[in-house]
Amino acid sequence: MWGPKATGVAQSTPADRLRRHHPGLDGLRGLAILLVLLCHFSVIPGASENDAFVLKIFHGGWCGVELFFVLSGFLITGILIDSKSDSHFFRNFYARRALRIFPLYYGFLLIYCVVLPRIPGLGVTAPADYIARPFWFWTHLSNIPMALEGVLPNSRLPFFWTLAIEEQFYLVWPLVVWLLSRLALRVACVTLLLGCMCLRFWVLNEQALHPFSVYVFALTHLDGLVMGALIASLARSRWGLDILAGMGRFAGVLAVVALLGVLYLSGWDTDTNSRPMQTVGFTLMAVMFAGLLLDVVARPQALMGNVFNHSWLRLFGRYSYAIYIYHNFIAGGCKSWLDAHFPSLLRPVLGSILPAQFLFTGICTALSLAAAWVSWHVFESHFLKLKKFFSNRTKTLNGVEPSILISQTSSGNG
């Protein structure tokens, strides 16, 4: 599950310590995917005014994407730094990423958007946004038309924009790490972080793009990825992980306080389109999650380390990629089926829609996890066996395969 154990290797440097597998990172992935599911499954209509507060919290689950971004930047950059001297640096990185991402992503697109709509009698139609622009989905650029139009399509593929940003980052970032020294990489990260925030200010003030566009366009939503990359580089510096984690805890607490201020200024609006959230909120969220990540890695036996080492959180984290791919399709199908066969289950109880919402979320979460488990064992794991042909020099120390949504299970170590 975790990759080869480091044996006979002196764990004396910050990099050596970071290369060990940290189970808590799977738990952080688990939290991230559960937050996303909580947000995306909150679709039951008929909410009363008394339900509004709870549903606002549910809708705030989009912040799980920010946690995924921080995790991705941290793990990807760490792998790239540690394997920088390998003779097949680029080949190994891109091959391993392709083996993990492409089979499931393209397999889902092929079956759902091409094969099933062509089978008579099933009644399956390809999503309208896919029919209008299939090229953007097959090239991992689906976030671009969304940013240009400023609209989240009403289909079962809209959340692929996060995967598009991930792939765009994966395409460019290895070259950045390879070209720059450690110090120059840190400067670049800080510059990108500040530049991203300034670009959002300019875009929103000049109304150059729709507010929603700021959320799905890569250049205005790099905060989490770059923050994760920055702490990955700093954790390998002479400061070391423990000092950086202490600073991260302090910064994380300040970020939480500041985020409460952002929510207050936005009228406790948890939507992604509020001006305070879009200008500084994304950056503050990246700082908060970076502090949490560092604490989990640096102190696995402390409170947060124990929380995120819980087996259930790690279970969801290990299958988070497939859950993310399938969950919206499952939610749409499940709601249609329940509406047709058991409509009473999704109706208000004593004037509240919350019981129906909890039931629906629980059913869809269980089905998404089951689908992801089957997908892994029947399909994905076979492609990951090919990773042995693209192993890094640092593999014997590295038990963690980097990714935002993409984790490893028992058959697919890094």
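Axes here are lines fitted to C-alpha atoms, for helices over the stretch in contact, and angles run from 0 to 180 degrees between N-to-C directions. With that in hand, start with one pair in this predicted model. Helix H4 (residues 63–82) packs on helix H12 (residues 223–234) at an angle of about 40°, and the two axes are 6 Å apart. H4 is therefore oblique to H12. The crossing of H4 past H12 is right-handed.

Which residues make this contact? From H4 come Phe69, Val70, Ser72, Gly73, Phe74, Thr77, Gly78 and Ile81; from H12 come Gly224, Leu225, Gly228, Ala229, Ile231, Ala232 and Ser233. By class, the H4 and H12 contact holds 8 nonpolar and 7 polar residues, and no charged ones.

**The chain as a whole**

The chain has 18 helices and 0 strands. It has 414 residues, of which 55% count as buried. Among contacts with a separation of 6 or more, 80% link residues 24 or more positions apart.

Two packed helices are described by the angle between their axes and the distance between the axes. The table lists both values for each pair.

| Helix pair | Angle between axes | Distance between axes |
|---|---|---|
| H4 and H12 | about 40° | 6 Å |
| H13 and H14 | roughly 150° | within 7 Å |
| H2 and H17 | about 10° | 10 Å |

Take helix H13 (residues 240–265) and helix H14 (residues 275–298), with axes that cross at roughly 150°. Their crossing is left-handed. The contact of H13 with H14 has 21 nonpolar, 4 polar and 3 charged residues.

Now helix H2 (residues 23–40) and helix H17 (residues 320–341), packed at about 10°. H2 and H17 are therefore roughly parallel to each other. Arg29, Ile33, Val36, Leu37 and His40 in H2 meet Ser320, Ile323, Tyr324 and His327 in H17. The classes in the contact of H2 with H17 are 5 nonpolar, 3 polar and 1 charged.

**Phenylalanine 282**

Phenylalanine 282 lies in helix H14. Is phenylalanine 282 buried or exposed? It counts as buried because its relative accessible area is 0%, and buried means under 20%. Beyond its neighbours within four places in sequence, phenylalanine 282 contacts Trp62, Glu66, Arg200, Val214, Tyr215, Thr220, His221, Asp223, Thr272 and Met277.

**Serine 274**

Serine 274 is in the loop between H13 and H14. At 8% relative accessibility, serine 274 is buried as well. Residues up to four places away in sequence aside, serine 274 touches Ser266 and Asp269.

**Valine 374**

Valine 374 belongs to helix H18 (residues 354–384). Its relative accessibility is 43%, so valine 374 counts as partly exposed. The C-alpha atoms of valine 374 and alanine 322 are 9.6 Å apart, while the residues are 52 apart along the chain.

Technical notes. Residues numbered from 1 in each chain as written. Predicted model: local features only at pLDDT ≥ 70, side-chain atom pairs only at ≥ 80, totals over all residues. Heavy atoms only, no water. Helix = DSSP H or I, 4+ residues; strand = E, 2+ residues; numbered from the N terminus. Buried < 20%, exposed > 50% of the residue type's maximum accessible area, 1.4 Å probe, protein only. Parallel < 35°, antiparallel > 145°, perpendicular 65-115°, else oblique. Left-handed = near helix turned anticlockwise from the far one by under 90°. Contact = heavy atoms within 4.5 Å. Nonpolar A, V, L, I, M, F, W, Y, C, P; charged D, E, K, R; others polar.
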